[in-house]
Amino acid sequence: MKDRQLKKNLLKLQEIKPDKEWAFSVKQNILGQKEMERFHLLHLHGQAFLAGSLAIIALVFLAVFGTVFFKNNSLNSFSDVDLENLTSSLRGLETSLNDVTSYLKVTREPAKVLEVEEMVSSAIEEGSQFVAKTKEKTEKMDPEREGAREEVLSALTDVEVALSEMQQTKESIQQEVAGREIAELEKSALTEEQKKLLGEAKEYFAQGSYPQALMKIIELSQNR
Amino acid sequence: MLSYSLLSPVLTDLLALRAMPNFKRQFAKLYDAQVDKIYRFVFLKIGSKEIAEDLTAQVFSKGWKEFRTGKKIQYPSAYLYQIARTEIANYYRRQDKYQVVPVESRKIIDQDSNLEEKQQITSELIELRQKLQTLDSDYQTVLILRYIEGLPYKKIAQITKKPANTARVMVHRALKALREEMTKGVGSD
């Protein structure tokens, strides 16, 4: 066997992965009860958990936007307590974004993946605008309040990272689920109509349009 | 002074409740990023799902104990691999494997067919995994880190606590050893 082939085969051993439930339970045990409850909720009531997390994200956007953007041009008139509250809200926002990302990671049903696409995409879009605008305001703060300014900026950067992770997870899960479904459907006996739908799904997949590919897969499955 | 009244007290409380301490969040992120890799590393060296789960849980539990003290860990993922290596060595020591059983004749402990099926590993990959387990422990380590996890030599050096050049040479020797093992398999069929 040539080295190239050997390396390629070694790479395939990446398929070895732990059981997801086991991985969650270990994390819960290590990080304590609160985490345990959060992931228990996520497992049992995934969709409700996701909706709750997205609602909190939307509320924070609304509240911070309202306070920071419509009432004031800069954060200079914020007291230290106000700034602490703002940082705490941003930290909570980051946690909610991470909850959504965790939910996305365990979502494997094409219909569910597609269902959350719109909600999550709009949260990402709004979130990115929110971070950019809040950063701009924060950077204009009085240099004498550098400590508080840095705290807010650091929290904003973490929110930015959480948004980017959410985006990447969303895309990779869509790609993984669509790819797996296409591979399975290719092994199945299909009618001409179904083959046509599969062809369209593959085309979308090749173009990187995973939500559209998933729509075709769902359409095909409904016709089976 | 502008009050932060638009963010209702209830929402603020809810968010504060949900926000974990910083170090806990950081470890949660580290766990999410590394759990698959550490499990895979242990599983490939041990060959048993149950034991790999136990040892992986111990790795993260020990990592968390260090992390929660606030001790500065420069390379957290490398640190987890180092704990994993120690746990694996301790496991084999407990099993008296290192002293009694020659490396070449070390058996795969668990060939759980259900697991293989679940993980969709083809027979070719099962053979590769088995051959990998017959190699010297350090060779296994560097091959897993380099070609399965795709780590750069610098990172492998941090994990194995060897100079980067030594790590590079070890990877080449390990690959050669694995290729020879694979050829042996072909010859004996």
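In chain B, 33% of the 189 residues are buried. A residue is buried if 20 or more other C-beta atoms lie within 10 Å of its own, exposed if 12 or fewer, and partly exposed in between, with C-beta atoms placed from the backbone. The model is predicted: local features need pLDDT of at least 70, side-chain atom pairs count only at pLDDT 80 or more, and totals for chains, interfaces and linings use all residues. Residues are numbered from 1 along each chain as its sequence is written, while chains are lettered from A and ligands numbered from 1 in the order in which they are written.

Chain B holds ten helices and zero strands. Its elements read α-α-α-α-α-α-α-α-α-α from the N terminus. Helices (H or I, at least four residues) and strands (E, at least two) are DSSP runs, numbered from the N terminus. Of the chain B contacts between residues at least 6 apart in sequence, 66% link residues at least 24 apart. Two residues are in contact if their C-beta atoms, placed from the backbone, lie within 7 Å.

Chain A has nine helices and zero strands. Its pattern along the sequence is α-α-α-α-α-α-α-α-α. Chain A has 224 residues, and 37% of them count as buried. Among its contacts between residues at least 6 apart in sequence, 74% join residues at least 24 apart.

Packing within chain A is illustrated by one helix pair. The axes of helix H5 (residues 80-106) and helix H7 (residues 146-187) of chain A come within 9 Å and cross at roughly 15 degrees. Axes are lines fitted to C-alpha atoms, for helices over the stretch in contact, and angles run from 0 to 180 degrees between N-to-C directions. H5(A) is therefore roughly parallel to H7(A) (angles under 35 degrees count as roughly parallel, over 145 as roughly antiparallel, 65 to 115 as roughly perpendicular and the rest as oblique). The contact of H5(A) with H7(A) comprises 16 nonpolar, four polar and eight charged residues. Here Ala, Val, Leu, Ile, Met, Phe, Trp, Tyr, Cys and Pro count as nonpolar, Asp, Glu, Lys and Arg as charged, and the others, Gly among them, as polar.

The largest nonpolar core has 48 residues. A nonpolar core is a set of buried Ala, Val, Leu, Ile, Met, Phe, Trp, Tyr and Cys residues joined through C-beta atoms within 7 Å. Those with the most contacts inside this core are Ile38(B), Val42(B), Ala84(B), Val142(B), Leu143(B) and Ile156(B). Helices that each supply at least two of its residues include H2 (20-31) of chain A and H2 (22-46) of chain B. H2(B) gives the most, with ten residues. Not counting residues up to four places away in sequence, Val42(B) touches Ala52(B), Leu55(B), Thr56(B), Ala84(B) and Ile88(B). A second, separate core of 40 residues includes Leu83(A), Leu86(A), Ala123(A) and Met166(A).

H2(A) also packs against H3(B), at an angle of about 30 degrees and with the axes 10 Å apart. H2(A) is thus roughly parallel to H3(B). From H2(A), the contact uses Trp22(A), Val26(A) and Ile30(A). H3(B) contributes Glu53(B), Ala57(B), Phe60(B), Ser61(B) and Trp64(B). Six residues of this contact are nonpolar, one is polar and one is charged.

His172(B) lies in helix H10 of chain B. His172(B) counts as exposed because 12 C-beta neighbours lie inside 10 Å. His172(B) and Tyr139(B) are 33 residues apart in sequence, and 9.4 Å separates their C-alpha atoms.
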